[in-house]
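Subject: Handover of a structure

Hello,

Here is the structure to be handed over. Notes on what was found in it follow below.

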Amino acid sequence: MPHSFSDSIVACSSPPGTGAISIVRVSGKNLTLIVKKLGVKKIDDKTSIVEQLQIKKDLNEKCVLTFFKSPNSFTGEDVLEINCHGNPLIVEMIIEKLIKLGCRRAEPGEFSMRSFLNNKISFLEAEAIDDLINATNQDQLLAASKSLSGKFEEKINEAIEDLKKLRIYVESNIDFSDEQISDDFTGFKKDLSTFIDNFKTFVLDTNSSKYLIEGVKVGITGPPNVGKSTLMNILSKEKASIVSEVHGTTRDIILRSCKIRDYEFSLYDTAGIRDQSVDPIEREGIEMAKSLLDTCDVIIEVVDPTNEDFFVNYKNPVIRVRNKSDLCNTSSKNRIDASFNNKKGISEIKDALFKALNLPLRISNISFSARSRHAELMNLCLNELESAAALSHENSLELIAENLRRASDFIGEIKSPYSSDELLGEIFSNFCIGK
Ligand SMILES: Nc1nc2c(ncn2[C@@H]2O[C@H](COP(=O)(O)OP(=O)(O)OP(=O)(O)O)[C@@H](O)[C@H]2O)c(=O)[nH]1
Ligand SMILES: [Mg+2]
């Protein structure tokens with residue numbers, strides 16, 4: 001994303017389409033000249049005026065203009081908001097007029113990015129605003145609003161501070177001999193382990209918040225004809241996949257969304273896994289299924305009594321189920337016993353999903369919104385902390401210091417993903433245009 005601060009940017013900041021009012025937003029270091037060229041004689045900071053703007057040769061549009069003088073605006077630059085009649089043609093004419101006057105079209109998220117780079121909002125606030133705008137249910141909205149009021153950032157700051165204290169101890173003792181440090185080292189080990197315990201709870205909460213905001217991706221897999229599509233249809237409460245006694249019925253990946261106890265789940269039904277298929281289409285389906293599973297948050301592996309020895313190792317959490325228990329009189333040892341045709345085992349599978357993901361049953365326990373980006377960095381941080389704890393038995397302060405430094409970099413990156421302009425641009429470009 002280009003973010004040359006010398007240019008002024010323009011975009012429609014209200015939803016696309018027809019409505020009573022649309023808002024065109026302009027941001028730039030100094031908009032005085034552009035405002036003048038629009039035909040506006042005078043507009044003061046934080047005031048609105050009604051003005052006839054000539055947007056085409058024979059077309060004037062009566063607009064309400066609001067001006068925010070730098071630095072007291074959303075982006076920290078001069079900002080002009082133009083309220084016009086909510087017709088996309090009018091909006092486009094105003095934008096084109098502004099482009100003629102020297103502005104360029106804003107990239108998605110570019111207003112927020114300028115706001116962040118000018119220290120008007122923190123990165124976590126920018127993300128929370130985006131979550132708030134995109135919330136599709138009240139729980140998401142509530143969580144995003146808590147993050148926007150700083151709940152998540154507060155917790156991150158606390159963790160950063162606690163980690164800093166641990167690092168100060170280690171770094172200031174590196175040059176001392178074993179005898180000199182041994183006395184308070186026990187205290188340090190205790191502090192580190194308390195910090196890790198608290199941090200683990202924080203990581204779990206962050207994961208739950210991430211699943212609340214982003215939903216949970218579930219892959220249904222197993223050998224052919226075991227009832228995967230039957231399960232898909234039961235969970236999604238619709239006839240999404242074809243069910244038949246023919247082995248290899250499902251080939252394409254089938255996606256349906258459903259709500260289970262307040263969380264949004266995306267269910268992926270896939271081709272049954274078998275080695276001996278000679279059908280090239282089915283083989284392609286099997287390959288697609290295998291690569292999809294790596295991207296799922298959790299996997300439901302279904303077998304039936306004819307192939308109970310089917311076993312695959314997955315890198316993500318897995319719930320193993322044996323379906324068609326109505327066809328045999330022994331119970332399964334290591335799998336949830338189910339008979340989808342008789343709706344048996346369904347609530348056990350739902351319970352297992354929540355357990356595998358450590359999701360709280362009550363969504364009201366969630367006190368902030370979070371994203372995969374946060375959860376990934378926190379998990380990396382936790383790995384470093386655990387490595388430091390493992391080393392603390394040997395008093396190897398240099399190595400511990402290194403782990404704690406990396407832990408602190410990871411958690412710091414949650415607040416300030418400064419690693420590169422490219423990354424920053426990538427993150428903001430997921431925001432909508434005009435934001
Ligand atoms: N007896 C019995 N049959 C079942 C049960 N659940 C599903 N079936 C039957 O098993 C057959 C296969 O079901 P599907 O849901 O199509 O199985 P699948 O795993 O999606 O099959 P593929 O798409 O071919 O891999 C159908 O005839 C279902 O009616 C069950 O609990 N008991
Ligand atoms: Mg199927």
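**What was found**

Just after helix α3, N119 takes a positive phi of about 60 degrees. Helices here are DSSP runs of H or I with at least four residues, strands are DSSP runs of E with at least two, and both are numbered from the N terminus. This is a predicted model, in which local features need pLDDT of at least 70 and side-chain atom pairs count only at pLDDT 80 or more, while totals for chains, interfaces and linings use all residues. Residues are numbered from 1 along each chain as its sequence is written, and chains are lettered from A and ligands numbered from 1 in the order in which they are written.

**Overall**

The protein chain has 13 helices and twelve strands. Its radius of gyration, taken over C-alpha atoms, is 28 Å, whereas a compact globule of 435 residues would have one near 22 Å, by the rule of 2.2 Å times the number of residues to the power 0.38. The C-alpha trace spans about 85 × 70 × 40 Å along its principal axes. Of the 435 residues, 35% count as buried. Buried means that 20 or more other C-beta atoms lie within 10 Å of the residue's own, exposed means 12 or fewer, and partly exposed is in between, with C-beta atoms placed from the backbone. Among contacts with a separation of 6 or more, 61% are between residues 24 or more positions apart; two residues are in contact if their C-beta atoms, placed from the backbone, lie within 7 Å.

The bridge partner of I9 in β2 is S27. Six residues lie between the strands of this hairpin, and G17 has a positive phi near 110 degrees there. β1 also runs parallel to β6 (residues 104-105), joined to it by two bridges, and V10 has R105 as its bridge partner in β6.

In helix α3 (residues 110-117), seven of the eight residues are buried, including F111, R114 and S115. T75 counts as buried because it has 26 C-beta neighbours inside 10 Å. Its C-alpha atom is separated by 50 Å from that of E348, 273 residues apart along the chain.

**The six-stranded sheet**

Six strands form an open sheet of mixed pairing, in the order β8-β9-β7-β10-β11-β12. β8 (254-260) and β12 are its edge strands, each pairing on one side only. Within the sheet, β10 (residues 298-303) and β11 (residues 318-322) pair in the parallel sense over five bridges, and I300 stands opposite I319 in β11.

Two helices lie across strands of this sheet. Helix α9 (residues 280-293) lies across β7 (216-221), β9 (263-269) and β10, at about 140 degrees to β7. Helix α10 lies across β8, β10, β11 and β12, at about 165 degrees to β11. For these angles, axes are lines fitted to C-alpha atoms, for helices over the stretch in contact, and angles run from 0 to 180 degrees between N-to-C directions.

**Ligand 1**

There are 22 residues around ligand 1, and G227, S229, T230, T250 and G272 come nearest; a residue is near a molecule or strand if its C-beta atom, placed from the backbone, lies within 6 Å of it. This shell has five nonpolar, 13 polar and four charged residues. Nonpolar covers Ala, Val, Leu, Ile, Met, Phe, Trp, Tyr, Cys and Pro, charged covers Asp, Glu, Lys and Arg, and the others, Gly among them, are polar.

**Backbone exceptions**

Most residues other than glycine have a negative phi, and most peptide bonds are trans. K46, in the loop between α1 (32-37) and β3 (47-56), has a positive phi of about 55 degrees and is not a glycine. K343 also has a positive phi of about 55 degrees and lies in the loop between β12 (336-337) and α10 (346-356). K46 counts as exposed, with 11 C-beta neighbours inside 10 Å, and K343 is exposed with 10. The peptide bond from S70 to P71 is cis, with omega near 5 degrees; P71 lies in the loop between β4 (59-68) and β5 (78-86).

Regards

Key. Pairing = 2+ DSSP bridges.
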